[in-house]
Every structure is written in structure tokens, then in C-alpha cells.
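Visitor: I would like a close look at a single part of this model, with the criteria spelled out as you go.

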Amino acid sequence: MTGNDIRRAFLRYFEERAHTVVSSSSLVPQDDPTLLFANAGMNQFKDTFLGKAERSYSRAASCQKVVRAGGKHNDLENVGRTSRHHTFFEMLGNFSFGDYFKKEAIRFAWNFLTEELKLPADKLFVSIYKDDDEAFALWKRMGLSDDKIFRRDEKDNFWQMGETGPCGPCSEIHIDQGPGTGCGRPDCNPDCDCDRHLELWNLVFMQFNRDADGVLHRLPKPSIDTGMGLERVASVVQQVKSNYDTDLIFPIIDYVAKMCGENYGDDPAKDVSMRVIADHARSSAFLIADGVLPSNEGRGYVLRRIMRRAMRHGALIGAVAGGGSAFFYKVCSFVIDFMKEHYAELADKKEYVEKVVTAEESAFERTLNSGLKLIDEEIFSKLPAGSAVGGELIFKLYDTYGFPVDLQKDILEDAGYVLDMPGFEKQMSRQQEMARKSSLGLSASTLSDEVIKLSYRLKTEFVGYENLKSETVVRAVIGNEIILDSTPFYPEGGGQASDTGEIKAAGGSMVVEKVYRIENAIVHRGVVTGLIKEGERAVCEVDREKRLAASKNHTATHLLHKALRMVLGEHARQAGSYVSAESLRFDFTHFSGITAEELKKSVDIVNNAVFSALPVKTCRMSRTAAADLGAVALFGEKYGEEVRVVDVDGFSQELCGGTHVDNTNKIGLFVITSESGIASGVRRIEALTGRAAFSYLSERLEITNALSQHLKTPAEKLFTKIGDVLEREKALEKKLRDNQRAIYTNAVHGELGDARLINGARVLSVKLPNAALDDLRAACEYITAKKADMIVLLSSVADGKLLFVCGVSKPLVNRFKAGDIIKEVARAAGGSGGGRPEMAQGGGQAEKLNDAVDKFYAILQTR
């Protein structure tokens with residue numbers, strides 16, 4: 001049977017047994033933004049198992065695409081080196097939501113393996129939870145003898161979703177593949193970690209609920225969750241020793257081998273590289289198709305690590321040509337064609353996936369080249385092989401220069417170096433702690449310790465969605481910091497600046513400048529006049545104009561987010577934002593620059609939504625209901641079971657705790673003031689709304705009118721006119737530069753009569769005041785090209801800096817090296833230099849110019 005046959009047989013088998021076949025969910029969990037990737041078949045059914053959502057069916061079966069990389073699955077280095085490790089695989093599973101239980105689950109699994117897949121029953125055995133006598137009896141009924149049923153402890157055969165919640169014992173079905181597989185030891189037994197005794201299928205019996213005290217309570221409707229890796233069962237059915245040898249993966253390996261002119265199986269090291277590329281191409285293609293883009297954090301960072309590891313292995317086996325031609329996008333494209341029959345969504349994203357991978361390959365080539373140079377300078381040239389590379393240096397290469405740690409490990413360990421990873425982790429922890437404090441803003445760095453301590457036991461109710469003015473009770477006063485019982489002041493958070501305004505009490509008042517949330521308390525900070533006492537009543541009033549301006553900008557970010565997804569694609573997701581009364585800033589994921597046309601389309605969509613006067617509503621609902629609505633959740637944000645959804649009349653739905661206008665027409669006008677790249681795969685847009693946008697456009701119109709009058713050109717022809725002016729200026733600058741270089745070249749040429757004959761070469765030093773480095777190089781190239789026996793040192797002092805260029809005619813480079821000469825000359829001037837044998841450059845201290853020239857002649861006298 002082929003792998004595709006097994007997948008079809010599994011789904012058909014359970015469909016015939018009243019299961020609803022459910023398509024694989026996205027690799028990006030839609031209702032759980034804290035989970036990196038879908039890592040099990042049950043992910044999409046989590047809320048159903050927890051009783052928070054209902055489905056129209058009580059039995060389901062699926063083939064779920066799974067990525068396990070990053071987080072606790074952070075063992076990338078094992079992928080390609082073992083027969084079973086993968087970043088991407090397919091998980092077959094059948095599920096019961098309070099329908100059937102152990103008896104049926106065990107019978108379904110056993111019969112599928114022995115009757116549908118024809119696996120030998122005498123080679124199968126099971127492990128069960130040590131106290132699960134019910135499962136023991138059921139397996140006995142299936143014909144297994146006592147010696148084929150192994151009782152194991154909670155660590156191996158008891159499953160739970162978290163520290164509390166649904167849990168239960170599990171039964172695992174294994175197969176003995178015989179002494180020809182695995183470690184080969186005579187005493188090999190089912191407890192051995194080798195591949196001889198291979199786990200095939202895990203059947204989880206969710207029959208308990210664990211409370212906060214660790215006590216187990218029986219569930220009224222026990223459920224079933226099972227999982228079996230398709231690649232693994234295919235390796236058994238097809239009688240191959242590795243998942244990579246199955247027809248699910250090997251065709252990709254074969255494609256890679258042919259691409260780089262290798263024969264798989266000839267070289268173990270190259271075989272590892274080909275397996276890595278094949279596996280990583282599968283995960284890369286699927287992740288990108290599901291909207292993940294390579295970046296430096298979260299899901300994007302895991303994808304980038306996977307992609308760059310594959311590219312690194314491509315370079316090792318010659319898949320990348322010497323000129324740095326791309327290859328990995330071709331492998332990902334092959335994966336799409338190879339797997340699109342079952343995963344139709346891949347076909348629609350093929351061109352997009354190719355573009356993303358190509359862009360990342362180009363970026364990686366630059367990173368790899370600069371990283372290799374850094375490693376050469378910082379390590380290879382200073383430390384002998386076998387030395388330990390300190391954690392601080394590893395961190396410096398990673399943090400300052402952006403060279404990935406896993407690549408450092410690959411390169412340095414292959415070269416025989418030992419990496420101080422604990423030292424690196426220490427540096428990372430220090431940086432993360434600094435980032436954590438920084439992320440709290442002033443609340444961590446400048447608020448008093450006393451008010452921070454109070455914040456952990458006091459609670460402030462936020463009433464600012466409905467009211468901008470309210471009465472409250474003062475709970476604590478510490479200098480210029482106040483905590484209230486309730487407040488209309490929006491605290492800084494969610495990318496929105498805090499409100500400002502005034503708090504008035506009987507004996508004093510505060511002009512509120514900043515507001516922070518720490519745990520459940522909201523802290524107000526500002527300038528206090530008079531005396532405000534704990535326990536007295538106070539009136540809070542938010543600055544209405546600033547709140548409205550901030551709300552306009554916040555709603556505009558939601559419109560912009562939606563517009564960018566419409567124009568660029570669903571991958572364009574928020575990566576950060578900041579809104580205040582003055583302006584908005586929106587960061588988003590995108591793999592390339594944005595064209596003027598794309599930017600214009602986005603602005604038009606936002607303004608069309610503004611002019612359409614769309615109602616903006618907010619409501620609270622369960623996280624599941626919000627996901628069903630299609631509300632966008634942001635990765636990394638932590639949401640409770642109840643969430644607040646901001647709905648722009650069907651145009652945009654997002655989970656958000658910020659303040660918003662109640663109708664888009666209150667935004668007035670939207671204009672983008674800048675767009676730029678701020679990191680690989682991340683773009684930034686800065687924009688204005690309302691009066692600020694109107695003022696911005698008015699100023700630009702005034703500038704346009706002034707330019708039009710100054711250049712005596714109609715506004716619609718200004719672009720062409722300015723282009724003509726710039727072209728003329730460019731031509732004049734080139735003419736001036738050429739004339740200046742001709743002057744310098746002629747000056748050197750005029751000094752040729754003063755050249756000294758030393759050791760068969762004509763040697764000349766010429767000083768060219770105020771010449772730029774390019775001028776020195778041009779004059780040097782001209783002279784050494786025209787004269788076959790010249791060694792020239794040209795120098796200049798410009799802006800107080802001493803510059804040198806040394807040139808050697810080609811016929812002389814076998815005897816004299818410009819790079820060697822310039823090093824000694826520059827050293828005599830208190831500087832440094834280097835370069836090629838025929839030309840080199842350097843610098844030094846201006847007052848030591850004459851010493852350097854003397855050194856130049858002296859060097860050549862001795863050679």
C-alpha cells in the first residue's frame with residue numbers, strides 16, 4: 001500500500017463506522033494564539049473535549065497536518081539524523097465526544113491494523129496504564145495474551161491536557177519488527193528505545209477531570225482521542241526501516257539528490273543533508289501556505305530556523321551554486337505538486353510560497369556570507385580548533401550581528417570547536433529580563449516599589465468604555481501615584497497610549513499624565529496639587545479630545561489591518577502597533593517591499609470604509625464564538641475564556657481591549673505618512689487620521705503649489721520636471737567628478753620623472769591634498785595600467801583624515817604585494833590597511849604622513 005492508500009483507507013474505514021471525516025485544520029491554531037502550531041489531531045477539537053463548544057457530530061476522523069518544532073519540541077538537530085524525527089508529519093486520528101469509549105476504540109484500532117493493513121497480529125503488543133484493569137480485559141478479549149500487555153506508569157501511559165482538566169489513561173499499540181531492525185542486541189526487549197519495538201498508535205481514554213488539588217473525578221461523558229503517525233505506519237506497511245524511505249518522503253529526497261548530482265546512499269553525511277532538506281521543505285511549504293512568514297519572533301522565527309537550516313544543508317551538498325543561486329524554493333514547489341492531491345490548499349498558494357522562499361534565500365545568502373566572515377575574524381583567526389567558544393561571543397554574534405545560534409553550532413562544531421551554550425543561555429536570560437522590564441515601560445522602571453506592591457492586592461474596575469467622567473473612591477496615594485476603586489482612564493496597553501485628564505478630590509487634584517495597569521490595579525501618575533486622601537471620594541474626567549483622537553487612530557489600525565490582508569494576502573498580520581492621540585504606527589508581516597500601487601489600494605480601502613459610515617460595535621463573547629465569527633487574534637497575546645470583539649460592521653472583526661469610535665465616519669480621513677521595512681519580513685506603516693491627516697495634506701498641498709510656482713510648471717507635470725532637473729544635476733556632478741579625477745591623474749603623471757628606480761621597479765609617492773579615496777584609487781589604477789613597472793603610493797589628507805592607496809603594476813605583483821606594503825606603511829602612520837596584491841588602501845594619523853612615506857621607500861629598498 002502507498003502512503004496515500006493508507007490515508008484513504010483510514011478515513012474510509014472510520015467513515016463507514018459513522019465518523020464524520022473532518023479536514024485538517026490550519027497549522028496556525030485559530031482559537032489558541034498562545035500555541036505555536038497545530039501539534040496534534042485533537043487541537044481543533046479542544047473546546048469540544050472541554051465542553052465549551054458543541055458539534056453536529058459525536059464521532060470524527062481526520063488526517064491532521066502537524067508541525068513540531070520550537071518550544072518543547074526544540075530538537076531540530078535530530079531531524080535527518082534519525083529515522084523518525086520530523087518537523088512536519090501527518091497525524092491520523094479518530095475521536096469520540098461522549099459517544100463510544102474504550103471497548104469500541106480498542107476494537108476499531110485493532111481491526112484496522114490487522115484486517116485493513118494486514119499487519120501480523122502475533123507481532124503486535126500493547127502498553128496500558130498500570131491501574132487500567134478495564135483496558136487489560138478488553139485487550140485480552142481481542143486475543144492478546146498476558147505477555148503481550150505491558151503495564152506502565154503515569155509517565156508513559158497517562159495523558160492530560162494540562163495541570164488540571166480532562167485526562168485519562170492511554171493504551172499504546174506497538175509492533176515488534178524483528179531482530180533485523182533496531183539495536184540488534186540479543187537482550188533487546190519492549191523497553192528498549194530502538195526501532196525494533198515501534199509505537200504505532202496511541203489511544204487516549206479521557207475519563208477523568210483533575211481538579212486544582214490533583215483529585216481525579218469521573219467525567220459524565222468520557223471521550224476518545226487517538227493519534228497515529230502516517231509516515232510511521234507507512235514505514236511498517238512498506239517494510240522499510242525509516243520514515244524517510246517511505247513513498248511519502250523519499251520522492252522529495254530523490255528530487256534533491258538529482259538537483260545536486262548526488263546518489264542517495266553513497267555518503268552518510270550527504271544523506272543527512274538530503275533528509276533535512278526534504279523534511280524542512282514539507283514544513284516550510286505548509287507553514288507558508290497557512291500564512292506564516294519567516295521573521296525574528298514567534299512562529300515566524302521557528303519557520304526561519306527551519307528554512308535556513310535546510311538552506312545551510314543545501315550549501316553543504318552543493319545544491320547552491322558558487323554564485324549563490326537559489327534552490328530551496330524549487331524543493332518547496334516540488335512538495336506542493338507532490339502533496340496537493342490531498343491538500344488542495346497548497347496548489348492555490350504555490351506561486352506565493354515560491355516568492356516567500358526565494359526572498360528568504362536571498363536574505364539568508366547575505367546573512368551567511370557576513371556570518372562566515374565574522375566567524376573567521378572572531379574565532380577561526382584567533383582560536384585553534386578544539387577551543388571553547390565563550391557564551392558572550394556566541395551571544396554577540398547572535399544579538400549584535402544577527403547570526404543564528406543553530407548555524408553557529410553547525411559550523412563551529414563541524415570545525416571541532418566546543419560552544420559554551422550555558423554561557424549563551426545566561427546572556428539570553430539577562431537580555432530577556434531586561435526586555436521584560438522594558439515591556440512594562442515606566443510602570444516597572446519609575447513607579448515606586450510601594451505602589452507596585454499595592455497593585456498586586458488592590459483591584460481597579462475600568463469603566464472608561466462607557467464613561468469619560470465618573471465618581472470613585474481613592475484606594476491608595478503614594479506621592480504622585482494614585483490607585484482608585486474604579487476609573488474611566490484607559491491604562492497604557494494593547495498598543496494604545498494611556499488617557500490624560502484630571503482627578504478632583506475635596507482637598508486636592510491631580511493632572512493625570514500617565515496611566516498603567518499592573519496586575520488587577522490601575523495606577524494613575526501625574527502632578528498633584530493640594531492633598532488627596534485615601535478613602536475619600538473623587539471625580540475623574542478624561543480629556544475627551546485626546547481620547548477621541550486616540551480612538552480614531554485605533555479603529556483606523558483595524559481598518560488598515562484588514563485592508564492590507566485584502567491587498568497583500570492573509571499573511572499580512574499585525575506584528576505590533578502603537579496608537580496615541582497624535583498618530584498611529586502599524587507593523588505587519590510581509591516578505592517584500594510594498595509597491596506604490598499596493599499602498600494606494602490600501603489607503604483607498606480604508607478611506608472607503610471611513611466614508612461608508614460603518615457602525616463599530618463591541619461585545620464580549622466566548623473565545624470559541626469569536627473564532628467562529630472569524631475574529632482575528634494576535635499571536636503571543638493571552639486571552640481569557642471571555643474576549644472582547646471589535647466588529648466594524650462585518651468589514652473587520654478583531655479581539656481587542658482598546659478604545660474605538662462608534663462609527664467609522666468619525667475617523668474623518670486616513671493618510672499614510674511613511675512605509676518602511678524595520679526587520680526581515682516585517683514592514684511598518686505610520687499614518688494620521690482626522691484633523692491631523694487634513695493638516696498633513698494641507699501642508700503638502702502648500703509645498704506642491706510653491707514648487708509649481710518656483711519651477712514655473714503645472715502641478716501635474718512637477719514629477720517630470722523635477723526628474724529632468726535631477727538628471728541634469730547628476731550629469732553635471734559626473735562631469736565635475738571626472739574633471740577632478742583627471743586633475744589628480746595628471747598631477748601624478750607629472751611626477752613620474754621623480755620616480756626612484758629601486759630593485760627594478762619605478763617607485764613613486766605623491767601627495768594629493770583633499771582627494772577622496774575614490775580619486776586616489778582612480779589615479780592609481782590609471783598609472784599602474786599604463787606603466788608596467790610602477791609601484792605608487794598616493795596619499796591625501798581630507799577633513800583631518802590621512803588616506804593611502806598603494807598600486808603595483810601587474811608584471812610586478814609576483815615580487816611586490818600592495819597589501820603587504822600598505823600594512824607596514826599604515827602602521828608607520830599609526831593606522832592600518834590591507835587589500836589585493838595589485839591595489840590596497842589604508843589610513844593613519846595626518847601628522848605622521850612623512851614618516852609613512854619614508855617607510856614606503858625604505859620597505860622597497862629591502863625587497
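This is a predicted model: local features need pLDDT of at least 70, side-chain atom pairs count only at pLDDT 80 or more; totals for chains, interfaces and linings use all residues.

Guide: Residues are numbered from 1 along each chain as its sequence is written, and side-chain values use heavy atoms, with hydrogens and water left out.

The open sheet runs in the order β27-β28-β29-β30-β32-β31, and its pairing is mixed; strands here are DSSP runs of E with at least two residues, helices are runs of H or I with at least four, and both are numbered from the N terminus, while two strands pair if DSSP finds at least two bridges between them. Because β27 (756-758) and β31 (832-835) stand at the edges with a single partner strand each, one side of each is left without a neighbour in the sheet. From one strand to the next the twist averages 20 degrees, where angles run from 0 to 180 degrees between N-to-C directions and axes are lines fitted to C-alpha atoms, for helices over the stretch in contact.

Within this sheet, β29 (residues 790-798) and β30 (residues 801-808) pair in the antiparallel sense over 8 bridges, and Val792 has Gly807 of β30 as its bridge partner. Helix α24 (residues 818-828) packs on the sheet and touches β29, β30, β31 and β32 (839-844), contact meaning heavy atoms within 4.5 Å; the direction of α24 makes about 155 degrees with that of β30.
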